[in-house]
Amino acid sequence: MQQSNGYIITFSVILTVVLGLLLSGTSQVLGPIQKKAQDLDNKKQILGAVMAPEDLRAMSPEEVLEYYESRIASKVVDIEGNEVEKDSEGNSIVAESVDVGKNYKKSPEDRLYPIFIYHEEGNEDAVDSYILPVYGAGLWDEIWGYLALQTDLNTVEGVTFSHKGETPGLGARITENNVQARYQGKKIFDESGELRAVIMQKGEGKDYDGEEHKVDGLSGATITANGVNDMLKNYISYYESYIEKKKSGNSTEVAVLN
Amino acid sequence: MSTETAQAEVKKSSEALLSKRRKKLISDPLVDDNPITIQVLGICSALAVTTQMQPTLVMAISVIFVIVMANLTISLLRNTIPSRVRIIVQLAVVATLVTLVNEVLKAFAFDMYKELSVFVGLIITNCIVMGRLEAFALGNKPYDAILDGFGSALGYSWIILAVAFFRELLGSGSVFGVAIYEPISGLFGEDFSLATNGLMVSPVGAFIILGLIIWVQRTKTGYVEH
């Protein structure tokens, strides 16, 4: 069939408009639901740093949100460790909506650093642990996660890592529970208070039980492991002033808990 | 499949709703004219998403939806589509459907959305989709086009599910996320453990499994490439 140019153009225009309307309509309708799903996913990751994975998996989405609401308080600090409540335009900042990945593109001094405080139910002062977001580069794409510190702000309570495109079976193993469990109980500062972070070692299968700053590595995923190491070290250093402040200024808080 | 046939039975048509010819539309692509093993189309996604059963199932359902709906749409429009721009029209329809699937996954199955990420988008470039539109939907009635699309998509689905079954079992020691290796090795005492095969979680593993499936199938059907 040979059609006229006018027909082809009219057909294309109508098709484009119909498909365009369909797509924008769907995105309008699904937008709020997607936002909720993303929010839930985010909160699950935060809680994953302090909760056992099987407990978290057993919870329904509503329970997760409720639990998050009652157990997590959040704030945002700058590189100096000072709390930031309003942005330059005077809008209040919510820690949950700070995009760590977007902030990563700014220089460290200009970034916002959210902190999630896991506390006992109904009592924000009875802190269980501090959860800090971390972000960095793996082998192929971005990696990110959450590092939970105990109230001494030194001992690692737990970690969660996620990635966008690490190699399945190799680098992607950073999301596995048995890999993340290796970080539990490790220390990020040495006895003199120097930042050491926790470093994943080369090779796999060794026992680093007695070593406070080392964890077993990922065989075949050295670059991803290095990415994780850099990510942790960088972000702990960005939060260091906050940690220092917390340690020196708020000794009462720690005393109450211990 | 049951919903498809149920719908089909409601409609009235001069030809039997599931006549021999129409049954062949569905059954041919399953084995004799399988899009993956015989036509060797859609290999890329068959390699990429098949490390685990669950995402593979979601992928299979998505592909079934896209092919059936695209075939239906193109078949309904077949007399109005200007032939000079038909490829781009097909592409626009397929891209729209795929975006819809992606949006729905993002809203209702966020974990799957994260896992499949770019591969859902890549359904657009899945040669099976465009191939069916060009070869069948443009020249056939809507109901036949639905059957044809469904058959092809099913042929694609069972192959990727089979590949995923072996890759997950051998590579991760589980099926649908349920651990299989652990309880088995538990039977033989503390020191015994079944090793998972790392090759199976990399795309190479998919090539090997796929090659074996094609080999077995062609040995049985006696199919020879011309």
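At what angle do the axes of helix α4 (residues 53–76) of chain B and helix α9 (residues 142–172) of chain B cross? They cross at roughly 165°, and the two axes come within 8 Å. This is a predicted model: local features need pLDDT of at least 70, side-chain atom pairs count only at pLDDT 80 or more, and totals for chains, interfaces and linings use all residues. Residues are numbered from 1 along each chain as its sequence is written, and chains are lettered from A and ligands numbered from 1 in the order in which they are written.

**Chain A overall**
- Chain A has eight helices and seven strands; helices (H or I, at least four residues) and strands (E, at least two) are DSSP runs, numbered from the N terminus.
- The C-alpha trace of chain A spans about 80 × 45 × 40 Å along its principal axes.
- Of the 258 residues in chain A, 28% are buried, meaning that 20 or more other C-beta atoms, placed from the backbone, lie within 10 Å of the residue's own.
- Contacts in chain A between residues at least 6 apart in sequence join residues at least 24 apart in 53% of cases; a contact requires C-beta atoms, placed from the backbone, within 7 Å.

**Sheet in chain A**
- Five strands of chain A form an open sheet in the order β1-β2-β3-β4-β5, with antiparallel pairing; two strands pair if DSSP finds at least two bridges between them.
- β1 (72–77) and β5 (156–163) of chain A are the edge strands, each pairing on one side only.
- From one strand to the next, the twist averages 25°.
- Strands β2 (residues 113–120) and β3 (residues 123–137) of chain A run antiparallel and are joined by five bridges; A:His119 has A:Val127 in β3(A) as its bridge partner.
- β4(A) and β5(A) also run antiparallel, with seven bridges between them, and A:Gly145 stands opposite A:Phe161 in β5(A).
- The hairpin of β4(A) and β5(A) has five residues between the strands, and A:Leu153 there takes a positive phi near 55°.
- Because six of the eight residues of β5(A) are buried, this strand is largely enclosed by the rest of the structure.
- Helix α6 (residues 222–238) of chain A packs on the sheet and touches β2, β3, β4 (142–150) and β5 of chain A; the direction of α6 makes about 130° with that of β3(A).

**Helix packing**
- Two packed helices are described by the angle between their axes and the distance between the axes. Axes are lines fitted to C-alpha atoms, for helices over the stretch in contact, and angles run from 0 to 180 degrees between N-to-C directions.
- The angle of roughly 165° makes α4(B) roughly antiparallel to α9(B), a term for angles over 145 degrees.
- The residues of the contact of α4(B) with α9(B) divide into 21 nonpolar, six polar and two charged; Ala, Val, Leu, Ile, Met, Phe, Trp, Tyr, Cys and Pro count as nonpolar, Asp, Glu, Lys and Arg as charged, and the others, Gly among them, as polar.
- Helices α1 (residues 5–48) and α3 (residues 61–71) of chain A pack at an angle of about 60°, with their axes 10 Å apart.

**Contact between the chains**
- Chain A and chain B each contribute 20 residues to the contact.
- On the chain B side, α5 (86–108) and α11 (198–201) each supply at least two residues, and α5(B) gives the largest share, nine residues.
- The chain B side divides into nine nonpolar, eight polar and three charged residues.

How values were computed
Two residues are in contact if their C-beta atoms, placed from the backbone, lie within 7 Å. A residue is buried if 20 or more other C-beta atoms lie within 10 Å of its own, exposed if 12 or fewer, and partly exposed in between; C-beta atoms are placed from the backbone. Angles under 35 degrees count as roughly parallel, over 145 as roughly antiparallel, 65 to 115 as roughly perpendicular and the rest as oblique.
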